[in-house]
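Subject: Structure handover

Hello,

Here is the structure we discussed, with its sequence. My notes on it follow below.

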Amino acid sequence: MEIRIVHIDDDEITRDMLTLAIKREGWLLFSYPYARVKLVPLEQIRPDLIILDFALHDGGEGWEFLQFLKMDDATAKIPIMVITTPFRLSADIKAYLLTRYIKILHKPFDRDMFVPLISKTLTEASQRSLIFSGDPTLPILLVDDDEDFRDTIANVLRLEGYRVVTAYNGQVALDTISRADYSLILLDIDTPIMNGYQFLSAYDRQLRPHTPVIIASGETDIQSHVLPSFVVDVLSKPYLIKKLLNLVEKYAQPV
C-alpha cells in the first residue's frame with residue numbers, strides 16, 4: 001500500500017525541501033500551509049504520518065491543530081512528527097509524547113537522518129495501536145503563575161482529550177469558578193495576589209458543592225497545613241506526568 005504523508009508548514013522553502021526528500025522514497029506527499037489545511041480533507045487522505053512545524057510555546061496554530069487531530073476519531077491514531085526550534089523539555093514530557101506517537105525533531109536537523117526517522121516512525125506505528133481517551137468531561141481548571149509550566153501541562157491534558165481553562169492566581173481562579181462548573185482544579189500554592197491557601201479558604205466558605213482540588217507545588221510543608229476536605233491529593237513538583245494523568249482520570253468526572 002502506498003505510504004501517504006501530510007506535511008503542514010508555513011515555510012515554503014522547507015515544504016519544497018521536504019517534498020523532494022520524501023518523493024525520492026516513492027511516498028505520496030500532501031503539503032500545505034496552515035491556512036489551507038482542513039480536518040475533513042485530511043480525514044479523506046487517511047495519511048500514515050503527519051509532519052507539523054511549530055514552536056511549542058508560541059500558543060499558535062501548531063498546538064491548536066495538534067489538539068484537533070488528537071480529538072478527532074478519524075485522525076487520533078495517526079503518528080505525528082513535530083519539527084520545531086529547540087526548547088527545554090523534561091524527560092518526563094518527552095516520554096509522554098512518545099507514548100502518543102508524537103516525536104520532536106529540532107531545527108536545524110540533519111537531512112540525511114530525516115528519511116530514516118520517518119521510516120522508523122512508520123514502522124513503530126504499524127506495530128502498535130494507539131487509543132486516546134475521548135470521554136467527555138467538564139473542563140479542568142489549572143491554576144499556576146509559571147506560564148511555561150502552565151502551558152505545558154495544559155497542552156498535555158488537552159492531548160488526553162480534556163478541556164482546560166487556566167488561571168495565573170487564586171483570585172482569577174475564584175472569578176472563573178463563579179461563572180462555570182469544573183471537574184477538577186489543579187492548584188499551585190505559590191501564586192501572586194492570592195496564593196493557593198487563600199484561594200482554598202475563600203472557596204471553602206462558598207455554600208455550594210466543591211470541585212475536587214489537587215495541589216501541585218514545590219513547597220515541602222503543605223501537609224502540615226489544615227486543608228479542606230475537597231483537597232483530594234497533593235503532588236510535589238517536579239512530578240511525573242503519568243502520576244498526574246492517573247489522578248486526573250480518577251477525579252475528573254464525566255459530564
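With which residue does Asp144 form a salt bridge? The partner is Lys237, and the closest N and O atoms are 2.6 Å apart. Please bear in mind throughout that this is a predicted model.

Salt bridges

The count of salt bridges comes to two. In the one between Asp144 and Lys237, Asp144 sits in the loop between strand S6 (140–143) and H6, while Lys237 sits in the loop between S10 and H9, so that distant parts of the chain, 93 residues apart, are linked. Asp144 counts as buried, at 2% relative accessibility. Lys237 counts as partly exposed, at 25%.

The other salt bridge is between the side chains of Lys237 and Asp188, at 3.5 Å from N to O. This pair also links distant parts of the chain, with Asp188 in the loop between strand S8 (184–187) and helix H8 (196–204), 49 residues from Lys237. Asp188 is buried because its relative accessible area is 6%, under the 20% cut-off. Through shared partners, the salt bridges join Asp144, Asp188 and Lys237 into one network.

Lys237 has a further contact to note: its charged end sits over the ring of Phe149, 4.3 Å from the ring centre.

Aromatic pairs

The structure holds four aromatic pairs. In one of them, Tyr34 and Phe65 have ring centres 6.3 Å apart and planes at 80 degrees, which makes the pair edge-to-face. Tyr34 lies in the loop between strand S2 (28–32) and helix H2 (39–45), and Phe65 lies in helix H3 (residues 61–71), so the pair ties together parts that are 31 residues apart in sequence. Tyr34 is buried, with a relative accessible area of 9%, and Phe65 also counts as buried, at 8%.

Phe149, the residue under the charged end of Lys237, forms an edge-to-face pair with Tyr239, with 6.0 Å from centre to centre and 80 degrees between the planes. Phe149 is in helix H6 (residues 147–159) and Tyr239 is in the loop between strand S10 (231–236) and helix H9 (241–251), so this pair links parts of the chain that are 90 residues apart. Are the two residues buried or partly exposed? Phe149 counts as partly exposed, at 24% relative accessibility, whereas Tyr239 is buried, at 13%.

Ring pairs also link Phe199, Tyr203 and Phe230 into a cluster.

The five-stranded sheet

An open sheet of five strands has the order S2-S1-S3-S4-S5, with parallel pairing. Which strands stand at its edges? They are S2 and strand S5 (102–106); each has a single partner strand, so one side of each is left without a neighbour in the sheet. From one strand to the next, the twist averages 20 degrees.

Within this sheet, strand S3 (residues 49–53) and strand S4 (residues 80–84) run parallel and are joined by four bridges. Leu52 stands opposite Val82 in S4.

Helix H1 (residues 12–23) lies across strand S1 (4–8), S2, S3 and S4, and runs at about 175 degrees to S2. H3 packs on the sheet and touches S1, S3, S4 and S5, its direction making about 160 degrees with that of S3. H3 is also the helix that carries Phe65 of the Tyr34 pair.

Arg46 belongs to the loop between H2 and S3. Arg46 is exposed, at 65% relative accessible area. Its C-alpha atom is separated by 9.2 Å from that of Val6, which is 40 residues away along the chain.

Strands S6 and S7

S6 and strand S7 (residues 164–167) pair in the parallel sense over four bridges. Leu141 stands opposite Val165 in S7. In a regular strand, side chains alternate between the two faces of the sheet. Both faces of S6 are covered: Ile140 and Leu142 on one side, and Leu141 and Val143 on the other, are all buried. The loop between S6 and H6 holds Asp144, which brings the account back to the salt bridge with Lys237.

Regards

Note on methods
Residues are numbered from 1 along each chain as its sequence is written. This is a predicted model: local features need pLDDT of at least 70, side-chain atom pairs count only at pLDDT 80 or more; totals for chains, interfaces and linings use all residues. Side-chain values use heavy atoms; hydrogens and water are left out. Rings of Phe, Tyr and Trp (its six-membered ring) pair if their centres lie within 6.5 Å; planes under 30 degrees apart count as stacked, over 60 as edge-to-face and the rest as tilted. Helices (H or I, at least four residues) and strands (E, at least two) are DSSP runs, numbered from the N terminus. Buried means under 20% relative accessible area, exposed over 50%, partly exposed in between (1.4 Å probe, protein chains only). A charge sits over a ring if NZ of Lys or CZ of Arg is within 6 Å of the ring centre and within 35 degrees of the ring normal. Two strands pair if DSSP finds at least two bridges between them. Axes are lines fitted to C-alpha atoms, for helices over the stretch in contact, and angles run from 0 to 180 degrees between N-to-C directions. Contact means heavy atoms within 4.5 Å. A salt bridge is a side-chain nitrogen of Lys or Arg within 4 Å of a carboxyl oxygen of Asp or Glu.
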